Structures are given as structure tokens and as C-alpha cells.
Amino acid sequence: MPTPSVAALPIRRLTPRDLTACADLSEDRGWPREEHKWRLLLTAGKGYGIDDPAGGLVAACVITEYGPGERPELGAVGMVLVAERHSRQGVGRRLMRHIVSAAGTTPLTLYATPYGRPLYEELGFKTTGHSEMLSGLFTAGGSEPQVATRAATAEDLGAILRLDEEVFGADRTPLITRLPAFSDQLRVAVDDGRIVGYAAAWPNMDTHVVGPLIADDAETAKSLIASLAAHTDRPLRTDIDVRHEQLRAWAKERGLASVAMNTVMAYGITEPPGDWIRRFAPLTVAAG
């Protein structure tokens with residue numbers, strides 16, 4: 001039997017049972033395996049992939065939808081990966097066209113690397129912003145921000161969800177309610193008894209990723225990062241909207257170095273919804 005061409009292989013929905021194959025695909029492209037993140041995305045989002053007749057996956061990606069289940073208001077596309085042995089054969093383009101078609105009228109957003117940006121532009125995605133990935137061991141020092149923070153409790157979840165929807169611009173309940181189990185830390189900032197920000201730190205290989213990071217202002221965001229850093233000995237990693245220049249400068253003074261710049265892109269909308277002034281970092285660039 002002749003081996004079917006990649007162009008003829010069907011695209012199917014992925015499930016949590018595909019976790020190892022997805023992690024293998026990440027590793028094939030020189031990325032960390034990130035099984036913890038893959039598990040979240042495959043359970044909270046919709047994975048799509050192409051099986052390789054020789055074993056494993058030819059390609060994979062995940063879309064995480066937000067808003068009412070029957071009519072999502074926004075979809076975040078992430079983890080678009082094609083196996084090295086099948087690269088430069090149009091597989092990524094075919095998979096992304098499938099995603100755009102499956103989304104229908106639902107607007108899409110994604111974080112593009114310099115390598116992936118030309119493909120997304122070809123498909124009609126437009127640049128709406130940029131983010132900077134920072135990583136390193138956090139070193140406390142100088143005059144630290146004074147906004148009060150504490151560990152989140154079960155009673156805080158309702159307030160966190162309301163704040164998140166207000167700032168993000170769409171209901172992310174299925175994702176945010178997974179944070180207590182997914183993250184090692186979930187903290188809130190409090191002012192006069194009111195929650196004015198929240199942030200999580202979740203394990204990813206040898207780092208703790210800070211995200212989501214939502215706060216009323218930069219001082220509150222700093223307090224949340226500092227409080228998360230105080231409870232871990234791992235390096236921190238986060239992706240900060242470049243418009244938050246004060247926070248990025250402060251983080252670099254505290255030991256986090258620039259790793260990469262990503263382009264925020266959207267399809268079907270001119271700007272992402274919500275309030276960017278209070279949205280400092282995503283949970284992960286793969287889920288917005």
C-alpha cells in the first residue's frame with residue numbers, strides 16, 4: 001500500500017489521551033514537553049491534529065473558546081506545531097485554515113512567533129499588539145510595592161471570575177475555575193476589602209509561569225509578582241504586554257531577562273476585547 005500524502009491525511013479532534021503524542025511533537029520541534037500545560041489545553045480547549053501513519057502526530061494545535069458554550073465570543077489559538085519531518089509542506093497552513101473554518105464567525109486571537117507570523121498574515125490575521133517574554137530568578141530589593149496580597153480562598157472565586165470577565169472581555173469560567181488545581185499558587189491583591197487583582201504561578205518544567213496577571217495598576221501587578229516570587233525558589237517566567245513599560249522595567253531590575261518578543265494577532269476583530277490597561281499577562285500565550 002502506498003503511503004498517503006500529508007495533504008490527504010484527515011484532521012481529527014484531539015483528546016487528553018493524545019497528551020503524550022502532543023508532548024512528543026513539542027520535543028520534536030525543540031520545545032519543552034510541557035505536559036502540564038498540554039493537559040490543561042486538551043481538557044479546557046479543543047485540540048486538532050493529524051495522525052502520522054508511521055506513528056505520532058504530523059501536526060497539532062489547540063483553540064480555547066470563551067463565552068457562552070453555544071456561541072463563543074472569542075477563540076484563542078495556540079500550540080500550532082508541525083513535526084520537523086513534515087515541515088515546509090503546507091501542513092501548518094492546512095491546519096490553520098481548518099481552525100479558521102471551524103471557528104465560523106467566532107473572532108480568533110493568537111500570539112505569533114517571528115517564524116509563524118507570515119503564515120498568520122497570509123490567512124488574514126492582523127497585528128494588534130506585542131508581548132515580551134521575561135524569565136529569571138526574581139531578586140527582591142529596593143522599595144517594594146505595598147499593595148496587600150494573600151493566598152486566594154474558595155470564597156474568592158466568584159470575585160475573581162467577575163474581575164476576570166470584566167478585564168478579559170469574555171467569560172473564561174471553564175479555564176479560571178481550573179486554576180486552583182492547575183497552579184501551585186493563586187493569590188489576590190486586596191484594597192479596603194475589595195479584590196483589585198489576582199495572579200497565578202503554575203509549574204512549567206523548571207520554572208513557575210506567572211499568569212494570568214490582572215491588576216488595577218502596575219503597583220498592584222508588582223505586588224502580586226513579588227508575593228508569588230516569595231513563595232517559590234524556581235525562576236519565574238511571564239509574558240507582559242509591551243505597553244506596560246513600567247512593569248517590564250521593574251521586572252528586569254528584579255532579575256527577569258528578555259527571552260523573546262511575540263506578536264499578538266487577531267482575526268475577525270480589530271482589537272481584542274476587554275481592558276488592556278488591567279491585563280498585564282496571559283495565563284499562557286497558548287490560551288490568551
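## Second largest pocket

The strand β6 provides the largest share of the lining of the second largest pocket, namely four residues. Helices (H or I, at least four residues) and strands (E, at least two) are DSSP runs numbered from the N terminus. The model is a predicted one, in which local features need pLDDT of at least 70 and side-chain atom pairs count only at pLDDT 80 or more, while totals for chains, interfaces and linings use all residues. Residues are numbered from 1 along each chain as its sequence is written, and side-chain values use heavy atoms, with hydrogens and water left out.

The second largest pocket holds about 340 Å³ of space. On a 1 Å grid over the protein atoms alone, a pocket is an open set of points where a 1.4 Å probe fits, with protein on both sides within 12 Å along at least five of seven lines; lining residues have an atom within 4 Å of a point. A volume is the space filled by probe spheres set on the points, which are joined across faces, edges and corners. Tyr111, Asp241, Val264, Pro272 and Arg279 are the closest to the centre among the 23 residues that line the second largest pocket. Two or more lining residues come from each of β5, β6, β11 and β13 (279-281).

## Largest pocket

The elements that supply at least two lining residues include β4 (74-82), α3 (91-103) and β12 (257-267); the largest share, six residues, is that of β4. By class, the lining has 23 nonpolar, twelve polar and seven charged residues (nonpolar: Ala, Val, Leu, Ile, Met, Phe, Trp, Tyr, Cys and Pro; charged: Asp, Glu, Lys and Arg; polar: the others, Gly among them).

## Helix contacts

The axes of α8 (residues 218-229) and α9 (residues 245-253) come within 9 Å and cross at roughly 30° (axes are lines fitted to C-alpha atoms over the stretch in contact, with angles from 0 to 180 degrees between N-to-C directions). The two helices are therefore roughly parallel (under 35 degrees). The contact (heavy atoms within 4.5 Å) involves Ala218, Glu219, Ala221, Lys222, Ile225 and Ala226 of α8 and Gln246, Leu247 and Trp250 of α9.

Helices α1 (residues 19-28) and α2 (residues 35-44) have axes that come within 10 Å and cross at roughly 130°. Their contact is made by Leu19, Cys22, Ala23 and Ser26 of α1 with Glu35, Trp38, Arg39 and Leu42 of α2.

Technical notes. Angles under 35 degrees count as roughly parallel, over 145 as roughly antiparallel, 65 to 115 as roughly perpendicular and the rest as oblique.
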